[in-house]
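Keep the picture open beside you as you read.

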Amino acid sequence: MAGHLWGVHMDRTMGSQPIDGGFIAIGWAQLGDLSAIKSDRDTFKNVVRRTFPEAKQGSIPVQAGVLFRFLYEMKEGDTVVYPSKADRMVNIGVVSGPYSYDPNKNAEYPNQRPVTWLKHLPREDFSQAALYEIGSFITLFSVRKHADEFVAALEGRPISKQALQADDEGDDDSVTQAVSFQAEETTQDFVIRQLKTSIDAYQFERFVAHLLECMGYHARVTAKSGDGGVDVIAHKDELGFEPPIIKVQCKQVTNAIGRPEVAQLIGHVEHGEHALFVTLGPYTRDAKEYERSKANLRLIDGPQLVELIYDHYSEFEPRYQSLLPLKRIYVPSLHDAGL
């Protein structure tokens, strides 16, 4: 890998725009075209201070540093790691051009750099320590401690044994940062990793059935068939005669589920019945558009599944609470302007 390795955060509301459009972007729209600012760190600090007079003094050098690095230190050929909150994928690409100011593409994130995206990998492919590092609360930062892991992923090599061992041993600095800034995302990682690695596919179906029961449904797991069809049938009455009848397909995977797989489930649904697809990963845009066209179809991705688990965790049987040992905690909520 040539050049520098950067980590970048973009708001969840941007969805798939950066990937589809081939770019990364940062905010600070109030500053206008950043290239009009003198290439001097102190000048950037003064501009931030004037534009955001309500900003905490300690945050001004951080904001100015992000802007300066994005404009002047990031170079064509540098590698970028972008952990997307929208679909929980880790996207890796290469900066392919200079800074540009384009409010027409996104008015809130007009400061952009073109990127050629090369890899889109689920978070579960990386050690937890590496995920902590790219979970930095700063918008743009250098990836140093676990750079080799992301380079290996880019080159198609597996994570080294040393990285996995370091993950098991833990990292006090990383864990401290995670507690303060990443508790929610870290817990999502833990839950999804447990459901992916600690039970088999049939046990995952039984887990989904139990979750539906905690939500007030009667649910039964169908016989193992391997036909890619219906895994769970749920209904409100004990005998399963009264509508709505919900046919559920469960996929214990973290890669994106596309429209063909969702359409296959719909093929098993009769008039008046409903379809529910549950997976640990994301759905493609085509799959989501297909969901919007079907009133009797609901797609549940990994983060949504975790939210349902939070909502009904207290009703879980002991075996499932042992599988997912969780407890409620309170963490600081830090929202400095531009961070």
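Which residue in β11 is the bridge partner of Lys 247? The partner is Ala 275. Keep in mind that the model you are looking at is predicted.

**The sheet**

That bridge belongs to the pairing of strand β10 (residues 246-251) with strand β11 (residues 274-279), which are parallel and share six bridges. Step back, and you will find five strands in an open sheet, ordered β8-β9-β10-β11-β12, with mixed pairing. At the edges are β8 (218-221) and β12 (297-300); each has a single partner strand, so one side of each lacks a neighbour in the sheet. On average, and ignoring direction, neighbouring strands here are turned by 20 degrees against each other.

**Helices around the sheet**

Now look for the helices. Helix α10 (residues 259-266) packs on the sheet and touches β10, β11 and β12. Helix α12 (residues 302-312) lies across β11 and β12. Helix α11 (residues 285-293) comes in as a partner of α10: their axes come within 8 Å. The table collects the angles.

| Pair | Angle |
|---|---|
| α10 and β11 | about 140 degrees |
| α12 and β12 | about 85 degrees |
| α10 and α11 | roughly 35 degrees |

Which residues meet where α10 and α11 touch? From α10 come Arg 259, Val 262, Ala 263 and Ile 266, while α11 brings Asp 286, Ala 287 and Tyr 290. Sorted by class, this contact has five nonpolar and two charged residues, with no polar ones.

**Empty spaces**

Rolling a probe the size of a water molecule over the atoms shows where empty space is left. How many cavities of 30 Å³ or more does a search of the whole structure find? It finds one. The largest cavity has a volume of about 80 Å³. Its lining is made of 15 residues, and Asp 87, Arg 88, Gly 281, Pro 282 and Pro 303 are the closest to the centre. By class, the lining of this cavity has seven nonpolar, two polar and six charged residues.

The second largest pocket holds about 440 Å³ of space. Among the 17 residues lining this pocket, Ser 16, Asp 87, Tyr 283, Thr 284 and Arg 285 lie nearest its centre. The classes here are seven nonpolar, six polar and four charged residues.

Conventions. Residues numbered from 1 in each chain as written. Predicted model: local features only at pLDDT ≥ 70, side-chain atom pairs only at ≥ 80, totals over all residues. Heavy atoms only, no water. Pairing = 2+ DSSP bridges. Helix = DSSP H or I, 4+ residues; strand = E, 2+ residues; numbered from the N terminus. Axes fitted to C-alpha atoms, helices over the stretch in contact; angles between N-to-C directions. Contact = heavy atoms within 4.5 Å. Nonpolar A, V, L, I, M, F, W, Y, C, P; charged D, E, K, R; others polar. 1 Å grid on protein atoms, 1.4 Å probe; cavity = no way out; pocket = protein on both sides within 12 Å on 5 of 7 lines; lining within 4 Å. Points joined across faces, edges and corners; volume = space filled by probe spheres on them.
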